[in-house]
Amino acid sequence: MNEEVRVTAWVRGQVQGVGFRWFTRAKALEIGGLSGFALNLEDGRVQVVAEGPREGAQGLLDWLREGDTPGRVDGVTEIWDTPRGIYDTFAIR
C-alpha cells in the first residue's frame with residue numbers, strides 16, 4: 001500500500017528566474033497524483049509542497065535533488081508530514 005504523505009522542501013541554489021517553479025509543476029503533473037505548489041521565497045530559495053502517494057512525493061524530491069532541473073540546485077532540505085488535503089492541483093505561486 002502506498003500511503004499518502006506531505007513533503008515540504010526548500011531548494012537552495014540558482015533556482016529563481018530560470019523557470020524552476022514551472023518545471024517543478026510540470027514534473028509533479030508528469031508523476032501524477034500530487035497536489036501542492038512551488039513558491040519563490042524572498043531569500044532566493046524555492047519552497048515546494050507536495051501531497052500524494054509516498055512514491056510520487058519521493059520521486060519529485062529525488063528529481064529536485066538530482067534531476068534535470070533548470071538553474072542550479074545546491075541543496076534540498078525536506079520535512080515529511082501527514083497530508084492536509086487542501087490542494088486541488090499543483091500550482092505555481
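Strands β2 and β3 form a hairpin with five residues between them, and Gly-44, which lies in the turn, has a positive phi of about 95 degrees. Helices (H or I, at least four residues) and strands (E, at least two) are taken as DSSP runs and numbered from the N terminus. The structure is a predicted model, in which local features need pLDDT of at least 70 and side-chain atom pairs count only at pLDDT 80 or more, while totals for chains, interfaces and linings use all residues. Residues are numbered from 1 along each chain as its sequence is written, and side-chain values use heavy atoms, with hydrogens and water left out.

Two strands are said to pair if DSSP finds at least two bridges between them. Strand β2 (residues 35-40) runs antiparallel to β3 and is joined to it by six bridges, with Ser-35 standing opposite Glu-51 of β3. Strand β3 also pairs with β1, again in the antiparallel sense, over eight bridges, and here Glu-4 has Pro-53 of β3 as its bridge partner. Burial is judged from relative accessible area (buried under 20%, exposed over 50%, partly exposed in between, with a 1.4 Å probe and protein chains only). Because seven of its eight residues are buried, β3 is largely enclosed by the rest of the structure.

Val-48 is found in strand β3 and, at 2% relative accessibility, counts as buried. If contact is taken as heavy atoms within 4.5 Å, and neighbours within four places in sequence are left aside, Val-48 touches a set of residues that includes Val-7, Val-11, Phe-37, Leu-60, Leu-64 and Phe-90. The C-alpha atoms of Val-48 and Leu-60 are separated by 9.6 Å, the two residues being 12 apart along the chain.

A nonpolar core is a set of buried Ala, Val, Leu, Ile, Met, Phe, Trp, Tyr and Cys residues joined through side-chain atoms within 4.5 Å. The largest such core has 19 residues, and those with the most contacts inside it are Val-11, Val-48, Leu-60, Leu-64 and Phe-90. Two or more residues are given to this core by each of β1 (4-14), α1, β3 (46-53) and α2 (54-66), and α2 gives the most, with five residues. In soluble globular proteins, nonpolar side chains tend to be buried together.

Trp-22 lies in helix α1 (residues 20-31) and counts as exposed because its relative accessibility is 52%.

Side chains of opposite charge can pair when their charged atoms come close. With a salt bridge defined as a side-chain nitrogen of Lys or Arg within 4 Å of a carboxyl oxygen of Asp or Glu, the count comes to six. In one of them the side chains of Lys-27 and Glu-30 meet at 3.2 Å, N to O; these residues are separated by about one helical turn, because they stand three residues apart in helix α1. Arg-45 forms another with Asp-43, the closest N and O atoms being 2.8 Å apart; Arg-45 is partly exposed at 27%, whereas Asp-43 is exposed at 51%.
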